[in-house]
Amino acid sequence: MSSPIKYLESFIFASRWIQAPLYLGLIVAQVVYCWLFMVELSHLVHNAIDAAHISEAEIMLAVLGLIDVVMIANLLVMVIVGGYETFVSRLDLDDHPDQPEWLSHVNAGVLKIKLSTAIIGISSIHLLKSFINAANLSEHTLQWQVIIHVVFLFSALAMAMVDKTMTQTLALQQHQKNH
């Protein structure tokens, strides 16, 4: 292979590092979500101390809001760690006691399924919050939230089916190579 092509290929491969600042930006976004969680938690505690001003439904909505923030933070962790590991560089965590179980077998397909599952969970929390607060929302808004949630469900199912088909195809090809 000629030297200019080798340099070009090395340059193209090195370009994956351009994504590193994007993951750092997502870490900053995670810090913002942590701050938002603490602010919302302080509001919940303050309102709970003054129990005359908060109903059970309001507490439930606040807690669901906190769960929503946590689920989005979990989504950020999956994107940051899984995306960096998949597209930029391997993380040297083999001996680390806190290494996430899923990281050892992460690839683009697994990451997509995990992300779609997390998005469905977040959508479910939003939908539950809307149903609890249904008296204050229009029927049109609730209907569109349900439709969007169902679209997320079907999209995740389609991605899982495509991933399963691809995995089976690769396994069959590997089996045929070995025999």
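## Terms and basis

A residue is called buried when its relative accessible area is under 20%, exposed when that area is over 50%, and partly exposed in between, as judged with a 1.4 Å probe on protein chains only. The model described here is predicted, with local features needing pLDDT of at least 70 and side-chain atom pairs counting only at pLDDT 80 or more, while totals for chains, interfaces and linings use all residues. Residues are numbered from 1 along each chain as its sequence is written, and side-chain values use heavy atoms, with hydrogens and water left out.

Helices are DSSP runs (H or I, at least four residues), numbered from the N terminus. Helix α2 covers residues 20-49, and its 30 residues should span 44 Å at 1.5 Å a residue, which agrees with the 44 Å between its end C-alpha atoms; the expected span is 1.5 Å times one less than the number of residues. The buried residues of α2 are Ala20, Tyr23 and Leu44, and α3 is included in what covers them, where contact means heavy atoms within 4.5 Å.

The axes of α2 and α3 come within 10 Å and cross at roughly 165°, these axes being lines fitted to C-alpha atoms over the stretch in contact, with angles running from 0 to 180 degrees between N-to-C directions. The two helices, α2 and α3, are therefore roughly antiparallel to each other, a term used for angles over 145 degrees. The crossing of α2 and α3 is left-handed, which is to say that the near helix is turned anticlockwise from the far one by less than a right angle. Sorted by class, the residues of the contact of α2 with α3 are 25 nonpolar, two polar and one charged; Ala, Val, Leu, Ile, Met, Phe, Trp, Tyr, Cys and Pro count as nonpolar, Asp, Glu, Lys and Arg as charged, and the others, Gly among them, as polar.

## Helix α3 against α4

Helix α3 (residues 56-88) packs with helix α4 (residues 108-132) at an angle of about 170°, and their axes are 10 Å apart. That angle makes α3 roughly antiparallel to α4, and the residues of their contact comprise 20 nonpolar, six polar and three charged.

In the loop between α3 and α4 lies Ser89, which counts as partly exposed at 21% relative accessibility. Leaving aside neighbours within four places in sequence, Ser89 is in contact with Trp17 and Tyr84.

## Helix α4 against α5

Helix α5 (residues 139-178) packs with α4 at an angle of about 160°, with the axes 10 Å apart, and this makes α4 roughly antiparallel to α5. The crossing of α4 and α5 is left-handed, and their contact has twelve nonpolar, eight polar and two charged residues. Among the α4 residues that meet α5 are Gly109, Ile113, Ile120 and Ser130, while the α5 residues that meet α4 include Leu142, Gln145, Phe152 and Ala160.

## Two residues of α4

Ser130 is placed in helix α4 and is buried, with a relative accessible area of 6%. Not counting residues up to four places away in sequence, Ser130 touches Leu137, Leu142 and Gln145.

Thr117 also lies in helix α4, but Thr117 is partly exposed, with a relative accessible area of 48%. Thr117 and Ala160 are 43 residues apart in sequence, and their C-alpha atoms are 10.0 Å apart in space.

Definitions and conventions: Angles under 35 degrees count as roughly parallel, over 145 as roughly antiparallel, 65 to 115 as roughly perpendicular and the rest as oblique.
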